[in-house]
Amino acid sequence: MRPIQLLPTFSLFVVVSLVACKKTPGIVKPSDSTTTTSSSDTLSQNVYSIDSTTSPPQGIILTAPFNFSLPTSDVVPGMLLVMDQSGKVLMKKTTTGNAFDFERWVINGKTRYTYLVNDPTVFRPTGDVQNAGYAIIADSNLNTLQQINFIPYAPAIFPSNQGLDVHDFVLISDSDYITLTYYWKFPTNIPVRLNPAPNVSVLTPVIEEVRDGAVVFHWDASDDTSFYANSIFDNDFSDTTTPQDYVHMNSMFVDPTDGNLICSMRDQDQVIKINRQTGVVIWRLGGLNSDFPLTADQKFLYQHDATLTDSNQTLMLFDNGDVSLRPYTRICEFHLNYANKTVTSFRYFNIPEPFTQLTGSVQKFGDEYFIGGGTAQYMLEVNPNTGQKIIEFQGNLASYRSFKYLTQGL
């Protein structure tokens with residue numbers, strides 16, 4: 001669904017140089033926050049210093065910087081930045097809360113922007129410190145068209161002020177979209193061998209597709225008991241004081257070839273594909289129960305932003321790494337044989353920037369990556385074949401994802 005330029009088939013190579021809503025469910029039209037647009041160089045930003053070695057390819061850059069160190073309970077205004085390829089600010093907007101996952105879509109000839117906003121008033125169980133809130137659909141000038149709140153797929157299950165998770169939002173049309181939320185529940189299906197306490201609680205990801213105001217599909221990770229045993233973090237099911245975020249889904253991507261969902265789950269070290277009609281897991285890559293055998297080099301850690309490139313034939317990941325096991329961040333690309341469950345080719349690029357412990361994103365345009373560095377506070381356009389940094393944005397704030405779009409207009 002995200003516009004990523006497609007690439008030719010490649011052979012194996014390695015280059016080393018180198019965490020979400022208003023109380024009323026449904027769609028409402030809220031008042032706008034401040035938006036400023038300019039066709040001249042009169043707007044400014046004080047987040048990034050910019051260094052360019054050559055002229056970057058034409059396009060626009062979207063990012064939503066935020067202070068990662070502030071508690072999610074704080075009421076903190078957010079920021080949206082739209083810049084050209086060289087960092088000139090074209091539009092900027094102040095949001096009522098920190099903004100996340102700022103994206104651009106062109107659907108039926110109309111440009112839409114979407115982003116998620118943290119709302120401290122939405123429900124969070126004790127011990128849950130994640131961002132949660134609501135989504136915004138905006139027009140080409142960042143004017144708000146709709147505010148999207150959580151819609152429960154069944155009555156009397158969720159709190160009245162349940163919010164959306166801020167990790168991802170997929171726009172299909174103005175009346176059709178896919179949301180993610182974290183559901184606090186007390187499961188009864190944790191395998192006995194994991195010694196669960198009788199009243200242990202978890203945060204389980206729930207995906208919903210909403211069309212014309214009605215939930216037409218939902219998927220609850222806790223229905224699949226395999227995720228409990230395969231969790232690699234936040235998986236102490238004897239702990240009754242804190243809900244266990246044992247899956248931590250952080251990205252959703254609609255595979256254009258079949259319409260199904262490719263999802264990244266950070267606390268499983270795994271990417272899965274979900275049938276968007278039945279909810280069945282089609283395949284699993286990575287983690288403790290991978291359908292595809294992986295070599296040591298191919299194993300990824302705490303990844304984000306699983307998408308497709310190369311004519312939708314290549315799975316691409318922002319592979320964060322681990323502060324102890326592998327304290328550097330990579331871009332990974334997999335060619336997969338889905339019938340035989342094998343990796344037919346693989347390549348990685350070690351990013352020549354500081355380790356990104358959390359968040360992050362990657363797109364590919366021809367021979368170049370555009371990378372959002374997440375909590376490492378940078379954006380980078382780089383040629384992985386030569387290691388040349390085309391343009392580098394070094395910041396003082398984190399971002400969840402950052403995107404570049406090869407377009408001549410907003």
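Trainee: Is F346 buried or exposed, and at what relative accessibility?

Mentor: Buried is the word for a relative accessible area under 20%. F346 has 5% relative accessibility, so F346 counts as buried. Keep in mind that this is a predicted model. F346 sits in strand β24, residues 342-350.

Trainee: Which residue has its C-alpha atom 5.7 Å from that of F346?

Mentor: That is E333, which is 13 residues away from F346 along the chain.

Trainee: How many aromatic pairs does a search of the whole structure find?

Mentor: The search finds 24. To read one, look at the distance between ring centres and the angle between ring planes; planes over 60 degrees apart count as edge-to-face. In the pair of F300 and F334, the centres are 5.9 Å apart and the planes are at 75°, so this pair is edge-to-face.

Trainee: Which parts does the pair of F300 and F334 tie together?

Mentor: F300 belongs to the loop between β20 (281-286) and β21 (304-309), whereas F334 is in strand β23 (residues 330-337), so the pair ties together parts 34 residues apart in sequence. Both F300 and F334 are buried. Elsewhere, ring pairs join F150, Y153, F158 and Y183 into a cluster.

Trainee: Where does D319 lie, and what does its side chain make a polar contact with?

Mentor: D319 is in strand β22, residues 314-319. The relative accessible area of D319 is 0%, so D319 is buried. Its side chain makes a polar contact of 3.1 Å with the side chain of R326. Apart from neighbours within four places in sequence, the residues in contact with D319 include K299, F300, L301, Y328 and C332. R326 is also one of those contacts.

Trainee: Which residues touch the most other members of the largest nonpolar core?

Mentor: In soluble globular proteins, nonpolar side chains tend to be buried together. Here, the largest nonpolar core has 46 residues, and I207, W219 and M252 touch the most other members. Setting aside neighbours within four places in sequence, I207 has contacts that include W219 and M252, along with I178, L180, F217, L261 and I274.

Trainee: What is the order of the strands in the open sheet of four?

Mentor: The order is β13-β14-β15-β16, with antiparallel pairing. At the edges are β13 (170-173) and β16 (214-220), each of which pairs on one side only. From one strand to the next, the twist averages 30°.

Trainee: How many bridges join β13 to β14?

Mentor: Three bridges join β13 to β14, which covers residues 176-185, and the two strands run antiparallel.

Trainee: How many residues of strand β25 are buried?

Mentor: Five of the five residues of β25 (residues 361-365) are buried, and the strand is described as mostly covered.

Trainee: What do β25 and β26 form, and how many residues are between them?

Mentor: β25 and β26 form a hairpin with two residues between them. The two strands run antiparallel and are joined by five bridges, with β26 covering residues 368-372. F365 has E368 as its bridge partner in β26. In the turn, G366 has a positive phi of about 60°.

Methods. Residues are numbered from 1 along each chain as its sequence is written. This is a predicted model: local features need pLDDT of at least 70, side-chain atom pairs count only at pLDDT 80 or more; totals for chains, interfaces and linings use all residues. Side-chain values use heavy atoms; hydrogens and water are left out. A nonpolar core is a set of buried Ala, Val, Leu, Ile, Met, Phe, Trp, Tyr and Cys residues joined through side-chain atoms within 4.5 Å. Buried means under 20% relative accessible area, exposed over 50%, partly exposed in between (1.4 Å probe, protein chains only). Contact means heavy atoms within 4.5 Å. Two strands pair if DSSP finds at least two bridges between them. Axes are lines fitted to C-alpha atoms, for helices over the stretch in contact, and angles run from 0 to 180 degrees between N-to-C directions. A polar contact is a pair of N or O atoms within 3.5 Å; within protein, one must be able to donate a hydrogen and the other to accept it, and residues adjacent in sequence count only if both atoms are side-chain atoms. Rings of Phe, Tyr and Trp (its six-membered ring) pair if their centres lie within 6.5 Å; planes under 30 degrees apart count as stacked, over 60 as edge-to-face and the rest as tilted.
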